[in-house]
Amino acid sequence: MSRQANANESDVIVVGAGAIGMLSAWYLRAQGFTVTVLDQQQPFAGSSWAGGGILSPVPPWHYPAAVDALVRASLQLYPDLIDRLQALSGVTLDYAVTGLLFTGPFDADAVPWRQQHADAVACGSLQDWQPGCDGREAWLLKNVAQLRNPRLGKALLASCQAVGVSVLPGHAVMDISPATARRLEVHCGNGATHAADYVVIAAGAWTDTVLQRCGLQTCGIRPLRGQMLLLQGRPGELRHIVSGNGKYLIPRADGLILCGSTVEDVGFDAGTTMAAREEIMSDCVALYPAAGDMPLLQQWSGLRPGVADDIPVIAAHPQLPGVWINSGHYRNGLGMAPASAQRLTELVMAANQAAPVA
Ligand SMILES: Cc1cc2nc3c(=O)[nH]c(=O)nc-3n(C[C@H](O)[C@H](O)[C@H](O)COP(=O)(O)OP(=O)(O)OC[C@H]3O[C@@H](n4cnc5c(N)ncnc54)[C@H](O)[C@@H]3O)c2cc1C
């Protein structure tokens, strides 16, 4: 390993500088691989920037066991990871266990889940925990944490660069071709060619586009747009993440409140709409009436990497040796990112031990 004879050579190329790609780079680098991350735009400008930063599926009982396992493993990794990223980058991520207040009615899947997680759930009404709300039935999922996505992006970029990962914006990957039996060449839209033994495709909603361009079998990953609103609240006013009717409000430490989100099948259109603004506001005000009086600061959207069964693809590509996929994290990419990146790293290490690079 440790090949970096010139600027275009590394052990691993990661395609996509979102949470999944950057964390893959971070864990691969920690195992001694030299890593280059290529992104068609600026790092962390995709779904990873747009998301809410809730580190749990909402609600957890609607997701398969494989998602739960990756979220749980990530929650174990996050505290130490955050300490390291904050120390290396000087960026504060505002990681906090704020809990999630989930409002009823609760379906048949919810009750057995609650019984299994009795220590982590308190049952009551919304107004028991949040002044200004009505008395509808609610469960407080006490251990749910959050962090600020854009800050995670800044911290990851600075930390990856500090440990020697090369992160190159403006490099849209157009093709991947075998150069030798063990070496792959990655061709970019700007004319650059980079070579590596392994290529990890972590291109989020664009993963199938990248694979198609390279003439490789796709994974069934497609964009599903989510729109978000940012409100100006006051610090401490909203005490927990509050969710119901498919929407949620996320309180940040400085008083900002994120309200989301839609799920729209509109291809790669990353625009925003008045209809979504009205729908999110109306549903969030129904949960937390004070939100209706708060100034609206911003509206944006992101393209989630949707996948049929909600389970991300973390695997070798079946056609081209050396190509790996880490993608399809849909609504829970931040919640699953560290464990997904660690799993990918373990798989690449196992492949590398079976056939070490020169
Ligand atoms: C509104 C909204 C709210 C969300 N809320 C949450 C939440 O609260 N909690 C949670 O866990 N998850 C949440 N998510 C989901 C989460 O954001 C995603 O699952 C996660 O960010 C996916 O990360 P990623 O790195 O795979 O994709 P992305 O962050 O989209 O990164 C993919 C990168 O690949 C790059 N790329 C694409 N094609 C190419 C190419 N050809 N060459 C080079 N680079 C390329 C893109 O430019 C992009 O930077 C939310 C998403 C949205 C949209």
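Two strands pair if DSSP finds at least two bridges between them. Helices (H or I, at least four residues) and strands (E, at least two) are DSSP runs, numbered from the N terminus. This is a predicted model: local features need pLDDT of at least 70, side-chain atom pairs count only at pLDDT 80 or more, and totals for chains, interfaces and linings use all residues. Residue numbers start from 1 along each chain as its sequence is written.

Start with strand β3, residues 100-103. Four bridges join β3 to strand β5 (residues 137-141), and the two run antiparallel. Leucine 100 has leucine 141 as its bridge partner in β5. β3 also pairs with strand β12 (residues 241-244), this time in the parallel sense, over three bridges. There the bridge partner of leucine 100 is isoleucine 241.

Now turn to an open sheet. Six strands form it, in the order β6-β2-β1-β10-β17-β16, with mixed pairing. β6 (166-168) and β16 (313-316) are the edge strands, and each pairs on one side only. From one strand to the next, the twist averages 15°. Axes here are lines fitted to C-alpha atoms, for helices over the stretch in contact, and angles run from 0 to 180 degrees between N-to-C directions.

Within this sheet, β1 (residues 12-15) and β10 (residues 198-201) pair in the parallel sense over four bridges. Isoleucine 13 stands opposite valine 199 in β10. β16 and β17 run antiparallel and are joined by four bridges. Isoleucine 314 stands opposite asparagine 326 in β17. β16 and β17 form a hairpin with six residues between them. In the turn, glycine 322 has a positive phi of about 95°.

Contact means that the C-beta atoms of two residues, placed from the backbone, lie within 7 Å. α1 lies across β1, β2 (35-38), β10 and β17 (323-327), and runs at about 175° to β2. α9 packs on the sheet and touches β10, β16 and β17. Its direction makes about 165° with that of β17.

The expected span of a helix is 1.5 Å times one less than its number of residues. For the twelve residues of α1 that gives 16 Å, and its end C-alpha atoms are 16 Å apart, which agrees. A residue is buried if 20 or more other C-beta atoms lie within 10 Å of its own, exposed if 12 or fewer, and partly exposed in between, with C-beta atoms placed from the backbone. Ten of the twelve residues of α1 are buried, so the helix is largely enclosed by the rest of the structure. Among the buried residues are Met22, Trp26 and Tyr27. Just after α1, glycine 32 takes a positive phi of about 100°.

Valine 167 counts as buried because it has 23 C-beta neighbours inside 10 Å. Leaving aside neighbours within four places in sequence, valine 167 is in contact with Ala17, Val37, Pro43, Leu157, Cys160 and Gln161.

A residue is near a molecule if its C-beta atom, placed from the backbone, lies within 6 Å of it. Of the 44 residues around the ligand, Gly18, Gly46, Gly204, Gly302 and Gly333 come nearest. Elements giving two or more residues to this shell are α1 (19-30), α2 (47-50), β11 (221-232), β15 (296-307) and α9 (333-354).
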